[in-house]
Amino acid sequence: MAAVITVSPLLIVAGSASAAGNTYYVSPNGNDGAAGTQAAPWATIARAQTVAKAGDTVYFRGGRYAYTRATSSCSGQTGRVSAIVLSKSGASGNPIRYWAQPGEKPVFDFSGMRDDCRIKGFDVTGNYLHLKGLEVTGAPQNNNRNHESWGMWISGNSNVFELINTHHHMGPGLFISGGAGNLVLNSDSHDNYDSRSSNGAGESGDGFGSHYSPAGSPSNVFRGCRAWQNSDDGFDLIHTYSSVLIENSWSWRNGFIPGTTTPVGNGAGFKMGGFGNKYDAGAVKHTVRFSVAFNNKAAGFYSNHHPVANDYFNNTSYGNRPDFDMLGITSSGAATGKGNLRNNIAYTGTLLSNMNGTTASNNSWNVGVGLSDAQFRSVSTSGWDAPRQADGSLPVLPHLRLAANSALIDKGAAVGLPYHGSAPDLGAFESDGR
Ligand SMILES: [Ca+2]
Ligand SMILES: [Ca+2]
């Protein structure tokens, strides 16, 4: 049945005529035979997708959307199935929006799925989609013959994932596989642990990943994201051929069984590329800036045998082992330091590894300042998972921000990014210049 809708006025957007979209509703108490209106919502995102088109908005009412079976059968115990497939695309400047009803919390819960193969919770193959405010949890491994399942798998392009809270999957929380030009904005991925992986428990439970994107394709961007208590890495960029930008993001306590101090997976805060310890001529430069890693099992910032020097600008690494590990690889396969490091702070933990071969200046270890807790307003490692600000950006905490009289203020080098005062400060948080 077609939904009863109100036709909105036409808008002129960026020189092209574009109809303001229609609005639909989905509720855990809805019915896919209903009209899809606020008064008579649908029950499933799949039903909404059959109707929604570019420019439309689908609102999800709060509550639990529980899934027990995939859209197809497992081809075998190592096959792949999906609970939700978003294959219908929006258009440039005119996405299909799948948004939480403002003030409400829709939870997509895959923990009840019993499919005996690898499971994708969300399988996003479409382009120009905007998902916002959705909580995604529980993608299971129902056998021990695979490396992981996935909370969200993205092979589409030019999508926005905003205010996503993806957690407690038996595999990565959000995994971009071949997609390009996607923006992951103000999202959290945590407590992911693939306890039944065939290559070892916990070895694939990353928070966020970007992998396999083709050479020359637009960057995937992670901005304002947090990854914590994931069994493998917080952010992982292994095996990708298009540049990735990570900024204003935090990563902590990865590499342990969630909620414990028992080590399991790799445990890097930001794993910035690499190709399985091999040289690859297709490698490109990635960037991580204004980001914080602390108390990860292994490196806070890790080059992971990447063949190209990444840019590491204005990051703070605290209590990692080590804080910066710049292990790269030469074209002949030899180990060497690779990285361009400016304005970073390494404090506590084991600081630095594989720096020979990098270009590093104006970092905390270069400027002749003895670090102590007094350089910071706070060195607390609690509360980093606090609620976000009203606009979705990260909470403002005193932790690892520079004290008013810190000797690290204005000690940085200009790298083409905004700053206050006479020069950039060191670390992830620029002080106000006074
Ligand atoms: Ca990983
Ligand atoms: Ca400054």
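Biologist: Where should I start, and how are things numbered and lettered here?

Modeller: Residues count from 1 along each chain as its sequence is written, while chains are lettered from A and ligands numbered from 1 in the order in which they are written. This is a predicted model, where local features need pLDDT of at least 70, side-chain atom pairs count only at pLDDT 80 or more, and totals for chains, interfaces and linings use all residues.

Biologist: What average pLDDT does the chain have?

Modeller: First the idea: pLDDT is the predictor's confidence in each residue, from 0 to 100. The chain averages 95, and 95% of the residues score at least 70.

Biologist: Over which residues does pLDDT stay under 50?

Modeller: That happens over residues 1–18, for which the model has 21 contacts beyond four places in sequence. Two residues are in contact if their C-beta atoms, placed from the backbone, lie within 7 Å.

Biologist: Now the sheets, please. What holds strands together in a sheet?

Modeller: Strands of a sheet pair through backbone hydrogen bonds, either parallel or antiparallel. Strands (E, at least two residues) are DSSP runs, numbered from the N terminus, and two of them pair if DSSP finds at least two bridges between them. In this model, an open sheet of 12 strands has parallel pairing in the order 3-4-7-10-13-16-19-22-25-28-33-36. Its edge strands, strand 3 (23–26) and strand 36 (359–361), each pair on one side only.

Biologist: How much are neighbouring strands of this sheet turned against each other?

Modeller: On average by 10°, direction ignored. The axes are lines fitted to C-alpha atoms, and angles run from 0 to 180 degrees between N-to-C directions.

Biologist: Could we look at strand 7? Which strands does strand 7 pair with?

Modeller: Strand 7 is joined to strand 4 (residues 57–60) by four parallel bridges, with Val58 and Tyr98 as bridge partners. Strand 7 also pairs with strand 10 (residues 129–132), in the parallel sense over four bridges; here Ile96 stands opposite Leu129.

Biologist: Is strand 7 mostly covered or mostly exposed?

Modeller: A residue is buried if 20 or more other C-beta atoms, placed from the backbone, lie within 10 Å of its own, exposed if 12 or fewer, and partly exposed in between. Strand 7 (residues 96–100) is mostly covered, with four of its five residues buried.

Biologist: What order do the strands of the 10-stranded sheet have?

Modeller: That open sheet, also with parallel pairing, runs 5-8-11-14-17-20-23-26-29-34. Strand 5 (63–66) and strand 34 (345–347) are the edge strands. Inside the order, strand 23 (residues 250–252) and strand 26 (residues 292–294) run parallel and are joined by three bridges, and Trp252 stands opposite Phe294.

Biologist: Which residues other than glycine have a positive phi?

Modeller: Among them are Asn248, with phi near 50°, and Asn295, with phi of about 50°. Asn248 is in the loop between strand 22 and strand 23, and Asn295 in the loop between strand 26 and strand 27 (301–302).

Biologist: Why does Asn295 count as buried, and why is Asn248 partly exposed?

Modeller: Asn295 counts as buried because it has 22 C-beta neighbours inside 10 Å. Asn248 is partly exposed because 18 other C-beta atoms lie within 10 Å.

Biologist: And where is Pro322 found?

Modeller: Pro322 is in the loop between strand 29 (316–318) and strand 30 (324–325). The peptide bond from Arg321 to Pro322 is cis, with omega near -5°.
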